[in-house]
Amino acid sequence: MKKSLLKFAKFLIAIILLVIVGVYFFINSLKPTYEGSEELNGLTAQTTVKFDDYGVPHIYAENEEDAMRSLGYVHAQDRLWQMEILRRIAPGRLSEMFGDKTIKNDKFFAGLGIVEYSKKTVENLDRNDRSYKMSMAYLDGINQFIEEGATPIEFHILGLEKKKFDLVDTYNIFGYMSFSFAMAHKTDPVLSMIQSKLGDDYLNELGIEIPTNTTHIKNFNQNTIEISVAINQVLKQSPFSGFIGSNSWVVDGEKSSSGEVLFSNDPHMGFSSPGVWYEAHITTPSFESYGYYLGGVPFPLLSHNREYAYGLTMFENDDISFYQETNVDNDDLKYLFKGEEKSYQITEKTIKVRDGEDVSLTIKSSIHGPIMNELIKTIDIENPVAMNWIYTKKPNQLLKALYNMSRADGIDSFKKYASLIHAPGLNVMYGDAKGNIAWWATAQLYKFPEGTNSKLILDGANGEHEIVEYLDFYKNPQAINPPWHYVYSANNQPDSIANMLYPGYYLPEDRARRIVELLEPKNDWSKADFKGMLLDTKSSVAEELIEIIAENVEGSLATDTEKAAFILLKQWDGDYNKESVAATIYLKYTYQFFINTFRDEIGEAVFKGFMNTHIMERMLAEQHHKEESIWWDDISTTAKEDKKTILIKSFSEAVIALENQLGPDLNSWTWNRVHTLKHPHPLGTVAILDRLFKFNVGPFEIHGSKEVINNLQFDIDESGLYKTAAGPSTRRIVDFADVENSMSILPTGNSGNPFSPHYRDQANMYVNGEYRKMKMNAEEIERVSTKLIFNPK
């Protein structure tokens, strides 16, 4: 018996060891290949890829086409899973991967017309243009990896089949990212509901001026708030977030210690694992670029070389309008436009669902665009609302623009190609080795008839609110070598153009004001100074508002805890460091302030939508500066509240809420207890998968907050927890006095493969405010790199 048990134990141990060995070799087979040799079809000469100590590929090729083919291959081996997700969002194909959890996302995006627009764009591309040829080389590299390379672990878990990429996929990625940049879909329905429910006086106090000759839609659809709520939920549930803001500033030699241009940029995007950007450095005999790439996109959106650098922030212009259509009586297949009956365009689609039944989707479109009611079923079907989006209305030259921006031969050439971007609206920031600095707002801007407020849902039937003029690019906001010696952008309102302030969804002045406050007096900026400035966590606006709060609250403190909290808040300098208690008090106060000021008038549903708009962020400071306001009175009470009453109530409620949340010890209410950062992976929501494969990165305690330069975005709600969802997707500094030692950082790592050593190797550096080089020196790269050789097949 004992011998039998011993034999069985040995057998069991052997099986376990075999399984462990098998798993070890299986996992190793899924890792990216960073050294050795591979053969690629289509190469004309040997190409060398050197992966540095942070996994950044440095591609040395004899010509541009070989470089692009190699880039496609290495990009895919590190980011194929991310590419797969990105290409599925716009056509509504996430449910094939994730099942019924993503049906709402798929129905919504499938109905926007992005796929049809992408196909039409690709059909019209010039096959002889360099941008097309280099794109095809890049895609060929991706597809060779798909055929011959390892299958990512996520594909194994979900049972996905790898399929080749084409240019329609690339344009679908452009389409999704462009839509995610917009704010109109979050804002216009909220403002329309406020106008419908409360009238123009309330809207005017939100900074939305209503001209006296504006035509109002009577008896407006009360369910339009569902548009804002539903679209916001769709974007939050998306496995890949878009731009939500950004900072950038560039100083010329008059304001730098070296006498050369200094450039910085930190685009703000949703945090995820993997992160947004893939860094790659390409060198050929005639071309060099250190770029930041989106999965499936062949050309960098951010880049620099030895001659110039460029980056992006969001323009935040208005490029989406909503129209309420009027159906013909007893015929919901027709609508009225300028007194004529028109037929809706009908499109039928099918959403494939993993482990479920197919979902049929009928999409109706008017002359203005797709009907949102068909895509968001909670909207009242009798009041059709169409979305008009400039992205799908004009020819798309994004591929040509990005290719040539990364290969420009000077500032004039760069400007020419940047002007081809019609949507999304971007602030393109530029600096070069010749001393030039510049900023251009790139977007197709347009005008409505006088009296039309594009931030409200418009009457689509009368034809009185149609676009009347498209503006030439020279009328766009821009600055080239200004006499004040710097350019900057923080998503704030630009100066007037074409005799008007261009409508948009601009963020409050907080970051812009702090940037100017720091840049203006100093004329000896260095790379080290820029590193510190990108990490700045101080809000000058918060510091100013505390004075207003103190004036109103000081004589009405009821408890010892309120008095102690007040002292801390009054002494606070607006700095959101991890140890700050005042930061925690201030954020809780702001939430109670918004509730007590706005929720009684607009109701719970509209209030939730309002809290997701840039108007909310802007109104924090503007409302505090108003002594008299229609919003101060709480209409749910018989008394008439004023500003002082609201501020006292908000402060008292904030202190009580924090005592309940964090305990009676006020000194323990530090910012790090409530403010954290985690980089989520789509499969990391499954606890056992996350434990096995460590998909998620974090959580981390972190400095920073909303609308400081180190801008970290989160929802403000009753939980009192500020889980960072978005922020700097990279921090870049390019120094033209020492371009080979320019600096950067990524939030997680350069690889999207969880078994790569470069999946999370920058995560701790990022939260600690550290940087590492964007290496361009050949000898330094050689010293720290592994080498992968691509030979012609």
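Biologist: Which strand holds Thr48?

Modeller: Thr48 sits in strand S2, residues 47–51. Strands are DSSP runs of E with at least two residues, and helices are runs of H or I with at least four, numbered from the N terminus. The model is predicted: local features need pLDDT of at least 70, side-chain atom pairs count only at pLDDT 80 or more, and totals for chains, interfaces and linings use all residues. Residues are numbered from 1 along each chain as its sequence is written, and side-chain values use heavy atoms, leaving out hydrogens and water.

Biologist: Why does Thr48 count as buried?

Modeller: Its relative accessibility is 15%. Buried means under 20% relative accessible area, exposed over 50%, and partly exposed in between (1.4 Å probe, protein chains only). Thr48 therefore counts as buried.

Biologist: Which residues does Thr48 touch?

Modeller: Leaving out residues up to four places away in sequence, Thr48 touches His58, Ile59, Tyr60, Lys787, Leu788 and Ile789. Contact means heavy atoms within 4.5 Å.

Biologist: Is Gln661 buried or partly exposed, and how do you know?

Modeller: Gln661 has 28% relative accessibility, so it counts as partly exposed. Gln661 belongs to helix H21, residues 643–662. Beyond its neighbours within four places in sequence, Gln661 is in contact with Val674, Ser719, Gly720 and Leu721. Gln661 and Ser719 are 58 residues apart in sequence, and their C-alpha atoms are 8.5 Å apart in space.

Biologist: Why is helix H4 said to be largely enclosed?

Modeller: Seven of the eight residues of helix H4 (residues 103–110) are buried, so the rest of the structure largely encloses this helix. The buried ones are Ile103, Asn105, Asp106, Lys107, Phe108, Phe109 and Ala110.

Biologist: What makes a set of residues a nonpolar core?

Modeller: The members are buried Ala, Val, Leu, Ile, Met, Phe, Trp, Tyr and Cys residues joined through side-chain atoms within 4.5 Å. The largest such core has 155 residues, and Leu112, Trp277, Met405 and Phe414 have the most contacts inside it. Helix H2 (residues 64–89) gives the most to this core, with twelve residues. A second, separate core of 54 residues includes Tyr202, Ile549, Leu569 and Trp632.

Biologist: What does Phe414 touch?

Modeller: Not counting residues up to four places away in sequence, Phe414 touches Tyr308, Tyr310, Met405, Ala408, Val428, Tyr430 and Trp440.

Biologist: Why do strands S11 and S13 stand at the edges?

Modeller: The open sheet has three strands in the order S11-S12-S13, with antiparallel pairing. Strand S11 (327–328) and strand S13 (340–343) each have a single partner strand, so one side of each lacks a neighbour in the sheet.

Biologist: How do you know that S12 and S13 are joined?

Modeller: Two strands pair if DSSP finds at least two bridges between them. Strand S12 (residues 331–337) and S13 run antiparallel and are joined by four bridges. Lys334 stands opposite Ser343 in S13.

Biologist: Why does Val686 count as partly exposed?

Modeller: Val686 has 36% relative accessibility, so it counts as partly exposed. Val686 is in the loop between strand S24 (675–679) and helix H23 (687–693).

Biologist: How many of the residues in the protein chain are buried, as a percentage?

Modeller: Buried residues make up 61% of the 793 residues in the protein chain. The chain has 25 helices and 31 strands. Of its contacts between residues at least 6 apart in sequence, 72% join residues at least 24 apart.
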